Amino acid sequence: MIETIQSFFRELAQTHPKWNFIFFYEPSQWARVVSGLAVTIELSVACVALSLIIGIVGAWAQGARSPFLRWLTQGYIQLFRNTPPMIQLLFFYFALGQFTPAIIGADGWTEEPVISNIGWAIVSLSFFAGAFNVEIFRAGIEAIPQTTKEACEALGMNRLQTYAYVVLPLALRVSLPALNNNLVNLVKTTTQAIAIAVPELLYQMVSIWNDYASAQNAAMTVLFATYILLVGALAFAMNRWERALYIPGFGGGR
Amino acid sequence: MSDNSPWKAGQPIVSIKNVRKSYGSIEVLKGISLDIMKGDVVCIIGPSGSGKSTLIRCINALADIQDGSITVEGQEVHDPKLDKLALRRKVGMVFQQYNLFPHKTALQNVMMAPVKVLGQPKQEVEARARSLLKKVRLEGKENAYPGELSGGQQQRVAIARSLAMQPDVMLFDEVTAALDPETVKEVLVTIKELAADGMTCILVTHEMGFAREVADHIYFTDLGVIVEHGPPSTFFDNAQDPRTKAFLGQIL
């Protein structure tokens, strides 16, 4: 089976020199694609999770009593929402990266930074998407009527209980469609990590076509197809989640 | 009443003394005083904007006051050091718009506060919740979501939810105002049964027939003061103040 596929693409490259799917018949190139995809998935999962946490914490801080905390959150949102994610990546890696300590390797002379470029990409992209998530969750939280929160108060719930058991579960349902959009965007934005040499899928594909110019069209085709599948899977999961959380008489229908 | 509050039977369970409250520069309560004894059913009536709802919201500290004092079982409600959980355990409240939790079933709505707030064992709370839903005639609706229930059914879930905290006093804030005339009755029957069981009830209501039938005492408020009060028979048939007469003349 695998041999049939390999020989098909090997032949295709010979008959159509502009369509050299080299990674489909050269195991060493295939390994680069697979490792790139693994890093892309790692980046995506980590950034989605972290940006959600930032979104929840930020939405909470926006409603905090401390004016300093509210001001800080607002400043964070403005800064990260209104600047390009590529510049943020470069800033985190090259500017902040200088100030984080490095660990001297076992050989005594190699320096390994505590936060790798993948680490910085996760931090940077999470803060970028997190700024949008804060606003998305805030909109969801503000959609919950004051009277519902009053009912919680009258039942003896404190602010934390009110949020944990009532406001957030409802706000989540309101937020999901907008959240869906932002997370889809986030997954696509992980390709910008190429700027700080994170070996994700785009980086590997570009490397391949730099090594084999004939693989350019093939690599781009595979990039498009992979992202359609990846983002499609995410959107599908989010829609399923939305439907699973559906409650009669609240929000949109099925 | 398990705590060591200074309150003793024979004293008013809720005592409101010279309460003043303003929203900004508008004074909505201008020195209100009234005492409510345990087991009493008290109706507060009056035109819109007369401060009725504000008054009962002050009793469980949903709204604060600027002057005067409110005590529940001898405890000052507007003491900054007040344990609000202890107060809200004693004072249940039902709202005009039901305010159920739409993502929880009727049973879960009733169970939430006793389990999550009071930390009572789930099985025990569930048994109590089921019997409360039965009491408000919602047997079989335990697993329905609020969105699947009629207004009157939702309001009865809200009453059961409040009762699940085993309060000593119940506040009802125009609980039938959002209902159609047919479902008003089913909610009023529930409240009437509650009153018959000896629950202390404070109601803000526009249901004059209900007030006359169920209340031990009626207070008529207008422009932030109590204009007139008395037992229903004297209040409805023998009102003295011209404002009371005008109000009753409009609605009876």
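Colleague: Which residues of chain A does UniProt assign to "domain: ABC transmembrane type-1"?
Modeller: This is a predicted model, in which local features need pLDDT of at least 70, side-chain atom pairs count only at pLDDT 80 or more, and totals for chains, interfaces and linings use all residues. Residues are numbered from 1 along each chain as its sequence is written, while chains are lettered from A and ligands numbered from 1 in the order in which they are written. UniProt positions follow this numbering, with shortened feature names, and annotations may be inferred rather than shown by experiment. In an unreviewed entry, UniProt places that domain at residues 37–235.

Colleague: How much of residues 37–235 of chain A is helix?
Modeller: Helices (H or I, at least four residues) and strands (E, at least two) are DSSP runs, numbered from the N terminus. The end C-alpha atoms of this span are 18 Å apart.

Colleague: How far apart are the end C-alpha atoms of residues 33–61 of chain A?
Modeller: The unreviewed UniProt entry lists residues 33–61 as a "transmembrane region", along with 86–106, 118–141 and 218–237 of chain A. Residues 86–106 are 48% helix and 14% strand, with end C-alpha atoms 34 Å apart. Residues 33–61, on the other hand, are 100% helix, and their end C-alpha atoms are separated by 41 Å.

Colleague: Which element of chain A has the lowest confidence?
Modeller: Confidence here is pLDDT, the predictor's score for each residue from 0 to 100. Chain A averages 92, with 98% of the residues at 70 or above. Helix 8 (residues 201–211) of chain A is highest at 96, whereas the lowest mean, 78, belongs to strand 2 (residues 111–113) of chain A.

Colleague: How are helix 2 of chain A and helix 8 of chain A oriented to each other?
Modeller: Axes are lines fitted to C-alpha atoms, for helices over the stretch in contact, and angles run from 0 to 180 degrees between N-to-C directions. Helix 2 (residues 27–62) of chain A packs on helix 8 of chain A at about 155°, with axes 7 Å apart. Angles under 35 degrees count as roughly parallel, over 145 as roughly antiparallel, 65 to 115 as roughly perpendicular and the rest as oblique. The two helices are therefore roughly antiparallel.

Colleague: How many nonpolar residues does the contact of helix 5 of chain A with helix 7 of chain A have?
Modeller: The axes of helix 5 (residues 117–142) of chain A and helix 7 (residues 159–189) of chain A come within 8 Å and cross at roughly 150°. Residues are in contact if their C-beta atoms, placed from the backbone, lie within 7 Å; among them are Phe132(A) and Ile136(A) in helix 5 of chain A, and Ala171(A) and Leu179(A) in helix 7 of chain A. Ala, Val, Leu, Ile, Met, Phe, Trp, Tyr, Cys and Pro count as nonpolar, Asp, Glu, Lys and Arg as charged, and the others, Gly among them, as polar. That contact has no charged residues and five polar ones, and the nonpolar count is 14.

Colleague: Which residues of chain B carry the annotation "domain: ABC transporter"?
Modeller: Chain B has a mean pLDDT of 91, and 96% of its residues reach 70 or more. The annotated span is 38% helix and 26% strand, with end C-alpha atoms 27 Å apart. According to UniProt's unreviewed entry, the domain covers residues 14–248.

Colleague: Are helix 3 of chain B and helix 4 of chain B oblique or roughly antiparallel?
Modeller: The axes of helix 3 (residues 106–117) of chain B and helix 4 (residues 122–135) of chain B come within 9 Å and cross at roughly 135°. Residues that meet there include Leu107(B) and Val110(B) in helix 3 of chain B, and Ala129(B) and Leu133(B) in helix 4 of chain B. Their contact divides into ten nonpolar, no polar and three charged residues. The helices are therefore oblique.

Colleague: Which element gives the most to the side of chain B that touches chain A?
Modeller: The predictor gives the complex an ipTM of 0.89 and a pTM of 0.80. In that interface, 21 residues of chain B are in contact with 18 residues of chain A. The chain B side divides into twelve nonpolar, five polar and four charged residues. With four residues, the element that gives the most is helix 3 of chain B.

Key. Contact = placed C-beta atoms within 7 Å.
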